[in-house]
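Subject: Structure for your files, with notes

Hello,

Here is the structure, with the sequence alongside. My notes on it follow below.

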Amino acid sequence: MAEDRDEPFLLPDAEGGDEFLDVPRILPVLPVRDAVVFPGVTAPLAVGREGSISALEEAGEGGFLLIGTQRDPATEHPEIEDLHPVGCIARVVKVMGIRGEGGKHAVVVGVVRARLGEAAPTEGPALRIAIKPLIDDASESAERDVAWHRVVELAQTMIDLRDDLPEEWKVFVANLPSPGLLSDLVASTLPASVEEKVALLAEASVTARLEAAAAQLEREITIAEAQRALSAETDDEDPRRRERLLRRRMREIQAELGEVDSASGEVDDLREKIEAQDMPEEAAAHADRELRRLAALPQHAPDRHLLRTYLEWLADLPWSHATEDKLDLAEARRVLDEDHHGLEKVKERILEFLAVRKLAPEASSPILCFVGPPGVGKTSLGRSIARAMGRKFARAALGGVRDEAEIRGHRRTYVGAMPGRILQNLRRAGTRNPVFLLDEVDKLGADFRGDPSSALLEVLDPEQNKTFSDHYLEIPFDLSSVLFITTANTLSTVPPALLDRMEVIELPGYTDRDKLAIARSHLLKKQLEGHGLTEARAQVADDALRLLVDEYTREAGVRNLDRQLATLIRKAAARIATDRPSEGDPPLLVDEKFLRDSLGAPPHLPETAERTKIPGVVVGLAATSHGGDILFIEATAMPGGESLRLRLTGQLGDVMRESAEAAVSWVRANADALGCRHEVLNGGEIHLHVPAGAVPKDGPSAGVTLATAVVSVLSGRRARGDVAMTGEISLRGRVLPVGGIKDKILAAARAGVRTVVMPRRNEKDLVDVPEDVRDELSIVLVDTVDEALEVALEPAQD
């Protein structure tokens, strides 16, 4: 037999007794945002939304409505599906208007739980719904009675602990007629989340609700006991907290009397800021002494502003505030890949650090040193690491710094004294664990004011930086949570003691393929946005980008490529603004012709074959602070004289001069086998020159190249234009290993060289060379100069 939808429910009154209430089966709905109304509990409500006011008016005083809690408080016009599935039927006790506003105040009393049924037709803005009452399971049992008495005891204990709860409530709690009403009163009174309260409202079992109420009371009793113990401890043993409370009360009294002292208010403000920093004990005691000094100084004392500035620095430093590390390795990898192309070793090292931090949160941070030529992304990589880890980023440029005080700060006795760059940047970052980039550490200087690199020894030593001492601060500051990263173009100028504290990660130059990928995925987008263009207005062809890389830039990094690309996009923007101003015009195609017209003649063209057409010119490879590069070694021979003379030009260093002497000695000793002219070796002059004479050159790695140039000029055999070589030589004609192999091979690839001759003992270094470069080049490994000559020189002409 179907239910009669017009016949009301006959429901028991939640406040106890034998009274029953006639409640309609369809009720208007009053949605509430962050509140839950329980049966038997009186609740005041502020009602302002049109639908809620309409529901209140439809129910009227003495009438019934359903109070439902919203799932999302931000929902402005909730529907039935936006409410939790269980609500509370409530009786409207009183409705009052809000003077001057359109809203209303209402007092309601919860009656009974109810499940939300189907939506009912409505003529106004109020929601109406068919209700399904959820009657309490009030069956008597030993478990229910035990839980009931337990809640009464806990509630009375709670009342004893809380000074804001009246003593009469103990009798009220003990005399409540219904255990269900007791559990609902506890649930509505104690602090809990909306989700927890909705779960209790949906629970029909009185025993289960009593057990939940007991758990809530036990938790609140624990908190109240801890607060009382803390209050007693503060009164008895913590004079600083007691002093702070007394000072606050004193300020309130002074404010009421109109006797506020600006100087004392300034001291109190500084005291509150310093105490809020949770400083270490030594720093807090020092700050307290300085605060007392400041309070004792007259308002116009000359030292007052110096002391106030010092205390402001103490208050602003992040003594305890730290950001939480993001330890999601997959997300960190995504961020690093998004910001930088390649650089796999660096990315792997950062992921390893995050993995260790995830397993051992207290592990010390590494000190990383990124070494590589300009423009390969060392500085921007530091920002990406900070973003991947969820840390703040700080940077200090050390190029040209010569004063130790730049690192450690000036003592307060000096006029204009302030902390060093380390603490300045930490204050700016606002956290004690940022990613801190020390840029250009290889360009530090030193003079009579001290050695900044020596000051960095303490900063970059994990065993010492826990108690870093700044001259201005005069108290230790913990730097062990900072992730320090340094950058350098070369390690040759970094002091050994400083280098020993860092983990060196080399960032080599990019290949042409890398540059094309970076230009397409990073630089081009940045330049288009910077010039107000989109890919729909200007399209850069792949051929144009390849030409730009091959003939208009020749560098290890991408900084010059970025500048040339900016010039190209500016030209495109000018053309579009003049010829195609409308958004609907077809896009401008930036092709090879447009590029040549815009940038002019290319500054870099292949010249190895052209310069080696005559004997005596050989292509060598060098590693510099700007990456790898090719160099031409020229030799000429002039007979005449009683003995052999060697002339060296091109700003060659001592080591390179000695390599040239060893090369000539080896050639002279093997002249017959090499087919060299004796009239020069017995009495003449050999002149060796390395062009770009304004650039100093040094190192042993040009030995095999120098020997090849001498043999070429003395035998008349031309050097092959597509061959470049590197390697140190001995007087016995052995080719010895050298450094910078990866940079040199990348430079050879950029210059259009097809064959590279290198020492066999450097074969292990080829692992670091990108696979596509190894496939592009023919790499010949040699043990002796004779083997190198077979590859580098053309056959002798008959």
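Strands, like helices, are DSSP runs numbered from the N terminus, and a strand needs at least two residues. In that numbering, glutamate 634 lies in strand 19, which covers residues 627-639. Please keep in mind that this is a predicted model.

Glutamate 634 has a relative accessible area of 27%, so the residue counts as partly exposed. Valine 713 is 79 residues away from glutamate 634 along the chain, and the two C-alpha atoms are separated by 8.9 Å.

Five strands make it up, in the order 10-11-14-9-15, and their pairing is parallel. Strand 10 (393-397) and strand 15 (503-506) are the edge strands, each pairing on one side only. From one strand to the next the twist averages 20 degrees.

Within this sheet, strand 11 (residues 435-439) and strand 14 (residues 483-488) are joined by 4 bridges in the parallel sense. Phenylalanine 436 has phenylalanine 484 of strand 14 as its bridge partner. Helix 13 (residues 378-389) packs on the sheet and touches strand 9 (368-371), strand 10, strand 11 and strand 14. The direction of helix 13 makes about 175 degrees with that of strand 11.

Now a helix pair. Helix 9 (residues 281-296) packs against helix 10 (residues 304-316) at an angle of about 150 degrees, and their axes are 10 Å apart. Angles over 145 degrees count as roughly antiparallel, and helix 9 and helix 10 are therefore roughly antiparallel to each other. The crossing of helix 9 past helix 10 is left-handed. On the helix 9 side, the residues that meet helix 10 are His286, Ala287, Glu290, Leu291, Arg293 and Leu294. Helix 10 contributes Arg304, Leu307, Arg308, Tyr310, Leu311 and Leu314.

Last, helix 23. This helix has 16 residues (654-669), which at 1.5 Å a residue should span 22 Å; its end C-alpha atoms are 23 Å apart, in agreement with that. Which residues of helix 23 are buried? They are Met656, Ser659, Ala660, Ala662, Ala663, Val664, Trp666 and Val667. The helices that the buried residues of helix 23 pack against are helix 24 (671-674), helix 26 (703-715) and helix 29 (785-792). The buried residues also pack against strand 20 (645-649), strand 21 (684-689) and strand 23 (728-729).

Regards

Key. Residues numbered from 1 in each chain as written. Predicted model: local features only at pLDDT ≥ 70, side-chain atom pairs only at ≥ 80, totals over all residues. Heavy atoms only, no water. Expected span 1.5 Å × (residues − 1). Buried < 20%, exposed > 50% of the residue type's maximum accessible area, 1.4 Å probe, protein only. Contact = heavy atoms within 4.5 Å. Pairing = 2+ DSSP bridges. Axes fitted to C-alpha atoms, helices over the stretch in contact; angles between N-to-C directions. Parallel < 35°, antiparallel > 145°, perpendicular 65-115°, else oblique. Left-handed = near helix turned anticlockwise from the far one by under 90°.
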